[in-house]
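Please read this briefing alongside the sequence and the coordinates.

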Amino acid sequence: MNVRLITIPNLLTLSNLLCGALGAVMALRYGDLTAAFVLMIAAALFDFLDGFAARLLGQSGPLGVQLDSLADDVTFGFTPAAILFALYQRQQGLWLDGADWPAFGLFFFTACAALRLAKFNIDETQRTEFCGLPSPAAALFCASLGLIGQRYALPVPREAILAVALATGLLMVSPLRMFALKFHGFGWRGNELRYGFLAACAVLFVVLWGCSLLLLAVPAVVTLYVALSLVRHLGCREKR
């Protein structure tokens, strides 16, 4: 089987993997959650560019699909759990104060991310919408909590950190149908929810910027996305 390993899309995917791995090291070895978050943002950019490059250069293929999922499970599965693990270690608990072993439960998130990515590869219904919370959104939500906890020195109970890992993990593997930001042309009709979501995100950014709380933008946007998707999901079920 003659397969080209070294292509521009594959190099971009490996850059995603490298950034994710370095982010985990920054969190677990050095406790620098800000650097870990920045590296995850860089990884997300590479994750976008590899698919774009593959389509542009006509180099899409099964190898790229599998490599992308493997890289994403490190970047958007293991690294956010590592960030939460590092955050857990420096926080106090209401009932878990002094108990470190529950922190290993944070890697439940990693397992859910692997299931989410594997399902995405074989589920043909997820080309126009998603089934479950996309792993990059879940990962950025968790990583942003580490950034906020470090930059604002906010006391976050250990129980809350475990609850976030559990909730986002379950959302990734849930049957909740979530809209994708894939526009059907540039018209309003058929894109109402997408344009509305982007407008609400812009308002959130302006408000949080004015309040000097811009770091809260990522968890706020992900929460809004989940809420709108839930309303849409329930509305579609009522119609059926």
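The points below are grouped by topic, after a note on the model.

This is a predicted model, in which local features need pLDDT of at least 70, side-chain atom pairs count only at pLDDT 80 or more, and totals for chains, interfaces and linings use all residues. Residues are numbered from 1 along each chain as its sequence is written, and side-chain values use heavy atoms, with hydrogens and water left out.

**Helix H6**
- Helix H6 covers residues 158-172, 15 residues in total; helices (H or I, at least four residues) and strands (E, at least two) are DSSP runs numbered from the N terminus.
- From first C-alpha to last, H6 reaches 22 Å, close to the 21 Å expected at 1.5 Å a residue, where the expected span is 1.5 Å times one less than the number of residues.
- The buried residues of H6 are Arg-158, Glu-159, Ile-161, Val-164, Ala-165, Thr-168, Gly-169 and Met-172; buried means under 20% relative accessible area, exposed over 50%, and partly exposed in between (1.4 Å probe, protein chains only).
- Their cover includes helices H3 (62-89), H4 (108-122) and H5 (135-151), together with strand S1 (129-131).

**Largest pocket**
- The largest pocket holds about 1800 Å³ of space, a volume being the space filled by probe spheres set on grid points joined across faces, edges and corners.
- Of its 46 lining residues, Asp-47, Phe-48, Phe-130, Pro-134 and Pro-136 are the closest to the centre.
- On a 1 Å grid over the protein atoms alone, a pocket is an open set of points where a 1.4 Å probe fits, with protein on both sides within 12 Å along at least five of seven lines; lining residues have an atom within 4 Å of a point.
- H2 gives the largest share of the lining, 10 residues.
- The lining divides into 27 nonpolar, 11 polar and eight charged residues; Ala, Val, Leu, Ile, Met, Phe, Trp, Tyr, Cys and Pro count as nonpolar, Asp, Glu, Lys and Arg as charged, and the others, Gly among them, as polar.

**Cysteines**
- The disulfide count is zero, with a disulfide taken as a pair of cysteine sulfur atoms within 2.5 Å.
- For Cys-19, the closest cysteine sulfur is that of Cys-142, 19 Å away and too far for a bond; Cys-19 is buried at 11% relative accessible area.
- The sulfur of Cys-112 also has that of Cys-142 as its closest, at 11 Å, too far for a bond; Cys-112 is buried at 3% relative accessibility.

**Ser-135**
- Ser-135 lies in helix H5 and is buried, at 3% relative accessibility.
- Leaving out residues up to four places away in sequence, Ser-135 touches Phe-76, Arg-116, Leu-117 and Met-172, contact meaning heavy atoms within 4.5 Å.
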